[in-house]
There are 2 protein chains.
Amino acid sequence: MIYLDHAAATPVIPKARQAMEDYFSEQFFNPSSPYLPAKHVRDNYEFAKNTIAHTIGAKGVDIIITAGATESINLAFTAVLSAVRKKTVVAWQNGINNAEKVLKMPNMTEILILSTEHASVRAVAQHYATEVGAKLIEVNVDKNGLIDLKDFQNKLSSRTVFVSVSLANNELGTIQPLAEIAEIIRKERERRLKDVLDARGSAGHIKDSARDVKNNAGNTRPLPLIFHSDASQALNLIDISVARLGVDLLTINSAKIGGPKGVGALYVSHEVELRPVIYGGGQELGLRSGTENVPGVIGFAAAAEEAKSHVMGNRKKYQKYVEILKSELLKCKLEPVFLGNPKHQLANFCPVSFPGIDAERIIYLLEEKQVYLSTGAACSANKGTVSRVLKAIKLTDAEISGSLRISLGMLNTEENVREAGKLIVEAVEKEILRCRK
Amino acid sequence: MIYLDHAAATPVIPKARQAMEDYFSEQFFNPSSPYLPAKHVRDNYEFAKNTIAHTIGAKGVDIIITAGATESINLAFTAVLSAVRKKTVVAWQNGINNAEKVLKMPNMTEILILSTEHASVRAVAQHYATEVGAKLIEVNVDKNGLIDLKDFQNKLSSRTVFVSVSLANNELGTIQPLAEIAEIIRKERERRLKDVLDARGSAGHIKDSARDVKNNAGNTRPLPLIFHSDASQALNLIDISVARLGVDLLTINSAKIGGPKGVGALYVSHEVELRPVIYGGGQELGLRSGTENVPGVIGFAAAAEEAKSHVMGNRKKYQKYVEILKSELLKCKLEPVFLGNPKHQLANFCPVSFPGIDAERIIYLLEEKQVYLSTGAACSANKGTVSRVLKAIKLTDAEISGSLRISLGMLNTEENVREAGKLIVEAVEKEILRCRK
């Protein structure tokens, strides 16, 4: 088997499995139980949370454990509810009594996401936008999938409450300049604060028209503006620090970095107010109820630590592998188009298109040779829908049709990558012949 | 170690661990990926879902996999949103234009839960009640923790949209007569349907006052009435069949029956409309997004199958163990009060009180002898709050103070149960001496 789809799933690494081992049948206690062995489990759980948090430059108390990236993203977007509730209070303070009306007034608030966000971010954003009557706006990317910062600046308005931009795209591997985005957001926040202070200063005059609420002037506090990033793909290839990135919320995931499935986390900065997605016994600071998945978190911690400590080595290794792969693919009679720009791309990604070819057929041909790769994100690949990401970077139909997502990882070696390259070329050329007949 | 707290957590049984083994690092593929080994994983996942569903007399398509009982309960309660939305539509059809107003009109709808429900059910019920402006009403229990059916019948009104009663209580082990409750609910549904048909029949007259909506007369369809049960504790001791129980929604849990933590399921009958708690890629029929926790579900299936096939044997075994334990406890100088009625109690439960004793001190004394048990539910035990369940069955303060929750299970033998009994008596008598000094 040659596995080229590490962006879809990774095996659990031996260190993570070993770490989990004890927690299934020996240290199985409920961490909330009152006796000593259960308290040990609680301690080890909290220690693991700290380990996970440290890999992104945070503390254990700053992260909420979830059942995976999708749940983390859902939890992140609940910030929209708090933001809008605050806005409602503000409107009420300004004399608009029917706060419900403000809450549901269309387009009073806006949510910005990148046009290439993962299906789950898109679905969650749509849900919360509908929930509060906000407008969901997409920010454009360039041909490499990189955010168009001018477009972002234009679309970021005084009504924006939430911005969500993935650290690295799940189909192209494009790494977004989060720190630059955060800086633009910081300036908008400053502007809002200044507006509020100015309004307060103007003879204590409290304005009361809907327009003023809309413009966020005369409010006692500015409309919140929250920055979330989905970093599911990146923990083993980018040295992540929440402070350096300037995010308020960061989603991380165990299953993409050699940890077990069914565990994720959300970093939450102190300024952000969330609402639970799952109510109940009050675990995870009341933000995520349910008995803690102790083995999962222990395994996640081991995988995260391993990922973090090999960031530099992984990067070098995969760069080399991608070079080998590309040199093989370039031998094809049909010239490949490499997608994205390696300067702003995860080192293990090699998305490529053989224009005009039917990529799904290539996948079936390679499947026979036990080479496994994907046409796009696993979820959309399965549904046979055309990748939004490839559309967003304005590929031609022929290019989209011939697109393969190749993501290298722990199951690859120089040899099997070279072999995969040869087999892909073989499959593409076989397919060209079939079409000519 | 003698473990007497199986209601808080159970070790993963060997069969479940073996079943999971392959799915961590070998069959690790994303079930949504397009190549053959991933499709095998998808098949095995669906097969496991079927296995789980069969243990409660349902099919794989009838259950939604979640990250545990708490999430399942949250998902179940989203039915309240759909029910109320329907009600809003109904109100609108009746000429009340401001549907929002109906939605938020206090006490237009009611949610009924048992006064002894688990903290998580209580918290979720409170959240959804607040969300739609419904009234949360508690149904009384008798001194054994058994539902007061007369009280239930009195409190079930034409405004009730949701009823949640646990199959077995997590502190007393009391088994509720779900089929009888379901029958009362069925009659109320029939009455509502008749009302609607009568109203339609009366010369096509469409009534339009708020009173009519309240009374649910003149509506084009009746207000939904949904019945949920949390069966987390019971799968290894009761032969569960959703049809026989008459529930619309049933929560089951892996971690309490020898399966891994972090997995649960919700049975959903075809008539019930839910809303996702977690939005995203659209897994689990769109009701629970996120990459499937394949090893977790495989392990859950193995544990559920094992639990189901030993229901009769378990019951006999634990009845015997409880008898042994009780005969030991009866040797205590301070007469124990056994809580609940064994006729309506999970066979592995032996909740007991030594009136006037400080149960927390008993737990610490026993901890030194490596005997582990709890004073109440693990979650509330940890917070030092007084058990609502013990209050609900009207124990005296002295009885509450001296209450121990003992739940037997797979880690027990005749010998260690007898030994535990002796050690508990020893601890209680030691504590009596200390108090007399």
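**Note on the two-chain model**

1. In this predicted model, 62 residues of chain A are in contact with 63 residues of chain B, where contact means heavy atoms within 4.5 Å. Local features need pLDDT of at least 70 and side-chain atom pairs count only at pLDDT 80 or more, while totals for chains, interfaces and linings use all residues; side-chain values use heavy atoms, with hydrogens and water left out. Residues are numbered from 1 along each chain as its sequence is written, and chains are lettered from A in the order in which they are written.

2. The size of an interface is often given as the accessible area lost when the parts come together. Here chain A and chain B bury about 5,200 Å² between them, with 59% of it on carbon and sulfur atoms; the area is computed with a 1.4 Å probe and summed over both parts.

3. Between chain A and chain B there are four salt bridges, a salt bridge being a side-chain nitrogen of Lys or Arg within 4 Å of a carboxyl oxygen of Asp or Glu. One joins A:Glu21 to B:Arg17, at 2.8 Å from N to O. Another salt bridge pairs B:Arg275 with A:Glu131, whose closest N and O atoms are 3.3 Å apart. B:Arg275 lies in the loop between strand 8 (264-268) and helix 11 (294-309) of chain B, whereas A:Glu131 belongs to helix 6 of chain A, so this pair joins two chains.

4. Within chain A, an open sheet of seven strands has the order 2-8-7-6-5-3-4, with mixed pairing; two strands pair if DSSP finds at least two bridges between them. Strand 2 (63-66) and strand 4 (135-139) of chain A stand at the edges with a single partner strand each, so one side of each is left without a neighbour in the sheet.

5. Strand 6 (residues 226-230) and strand 7 (residues 249-253) of chain A run parallel and are joined by three bridges, and A:His228 stands opposite A:Leu249 in strand 7 of chain A. Helix 8 (residues 178-201) of chain A packs on the sheet, touching strand 5 and strand 6 of chain A.

Definitions and conventions: Helix = DSSP H or I, 4+ residues; strand = E, 2+ residues; numbered from the N terminus. Axes fitted to C-alpha atoms, helices over the stretch in contact; angles between N-to-C directions. Buried area = accessible area lost by both parts, 1.4 Å probe.
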